[in-house]
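Subject: Model handover

Hi,

Here is the structure I promised you. Please open it alongside this note; my findings follow below.

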Amino acid sequence: MTSIHWMKTPQGKLRSRGLGLPLQGEPGTFNAITDVAGVEVGVTTLISGEGRLVRGNGPVRTGVTAILPRGRSGANVPCAAGFSSFNGNGEMTGLVWIEEAGELQTPITITNTHSCGITRDATIQWMVERKVGTGQDWGLPVAAETYDGDLNDINGFHVTAEHTFAALDSARGGAIELGSVGGGTGMITYDFKAGNGSASRLVEIDGVRYTLGVFVQSNFGRRPDFTLLGVPIGAHILHDQLRGKEQGSIIVIIATDAPLQPHQLKRLARRVPVGLARTGTIGSNSSGDIFLAFSTANAAAHEQRTALRKADYLGNGAIDGLFRAVAEATEEAVIDSMVANETMTGRDGNRSIALPLDQVMELMKRYNRI
């Protein structure tokens, strides 16, 4: 059964499946990270000004994305978590404690490179004001970033604590908007306008159906490398390159309701580069490719503070389907970040063109992919 949410975003922008691209795997209802029950996403989008860059005045093309792993109602309960990095020229705060404890204890924010500290500090402020606990007397929020300085007044520091509060407070489940919204507002992928992308997969293991969802803030890649389902799209569409080089990063957040241990979630995060490679990237020196995976299972065990806890976990030999789901959903989320988008002009008249869908579909037909 095909869901309307697979075809278009809430604002009516086409998605990859709406184009008829033969993507592998079965998505959940919304084909988004929010298909994992309890996960909520909120955004604050900042777009203002045009013309010549005046630091502190704009033009502004940026924002904040917030992800609440168990939603607002379960925000006090940690999740098992693990992370991996493909190339480390980027930032995601809080990872040292996640590596040590195997738990994600806070919401996640994603923004531009020079606002990462603001959203990190604002998250702990939000948690104090909303009385959201972490299981400790302090919090170490997860805040991540990618660079939007080609379109945005990144040194103007336009993202504030209030914008972060707004993204956290607006987080909801269900269908989510993709493209140039939230932290993804000023982002570029393979020299096409990109930003936020998401996808999900349903995976059956021993007769039980689990959901895995991926969210990306996508901002990486050289145009000539872009590959879509094996078709060298970028090599055929070389006009209007803004960057003209390998630059940028990608943040990937993986959520699942499958019961996994922290080391298994790290293994999921390590499969993200499989999906990225399908789109053509090599993971350049300038790229910050950082991935975090968490499980919403075993809430009772993570909520308890007793010495002995009990929880269910899948065996290592049972999770190949989840590995495949990570690769498939990552690939689709990156593609959707470009498909569900529009051309944007930012600071100094810099223009990032949208993926020309008519040309893409002609090439897909020429290569017998559709």
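The largest nonpolar core has 51 residues, and Leu 21, Leu 228, Ile 233, Leu 268 and Leu 322 touch the most other members. A nonpolar core here is a set of buried Ala, Val, Leu, Ile, Met, Phe, Trp, Tyr and Cys residues joined through side-chain atoms within 4.5 Å. Buried means under 20% relative accessible area, exposed over 50%, and partly exposed in between (1.4 Å probe, protein chains only).

Some ground rules. This is a predicted model: local features need pLDDT of at least 70 and side-chain atom pairs count only at pLDDT 80 or more, while totals for chains, interfaces and linings use all residues. Residues are numbered from 1 along each chain as its sequence is written, and side-chain values use heavy atoms, with hydrogens and water left out.

Helices (H or I, at least four residues) and strands (E, at least two) are DSSP runs, numbered from the N terminus. H9 gives the largest share of this core, 10 residues. Ile 233 is in contact (heavy atoms within 4.5 Å) with Phe 226, Leu 228, Val 360, Leu 363 and Met 364, leaving aside neighbours within four places in sequence. There is also a second, separate core of 27 residues, which includes Phe 83, Val 142, Ile 251 and Ile 253.

Next, helix packing.

H7 and H9 pack at about 45 degrees, with their axes 7 Å apart. Axes are lines fitted to C-alpha atoms, for helices over the stretch in contact, and angles run from 0 to 180 degrees between N-to-C directions. H7 is therefore oblique to H9. For reference, angles under 35 degrees count as roughly parallel, over 145 as roughly antiparallel, 65 to 115 as roughly perpendicular and the rest as oblique. On the H7 side, the contact includes Val 272, Leu 276 and Arg 278. On the H9 side, Val 326, Glu 328 and Val 334 are among the residues involved.

Helix H3 (residues 116-129) and helix H4 (residues 161-169) pack at an angle of about 60 degrees, with axes 9 Å apart. H3 and H4 are therefore oblique to each other too. Their contact includes Ile 118 and Trp 126 of H3, and Phe 165 and Leu 168 of H4.

Thr 9 lies in the loop between helix H1 (4-7) and strand E1 (40-48).

Best wishes
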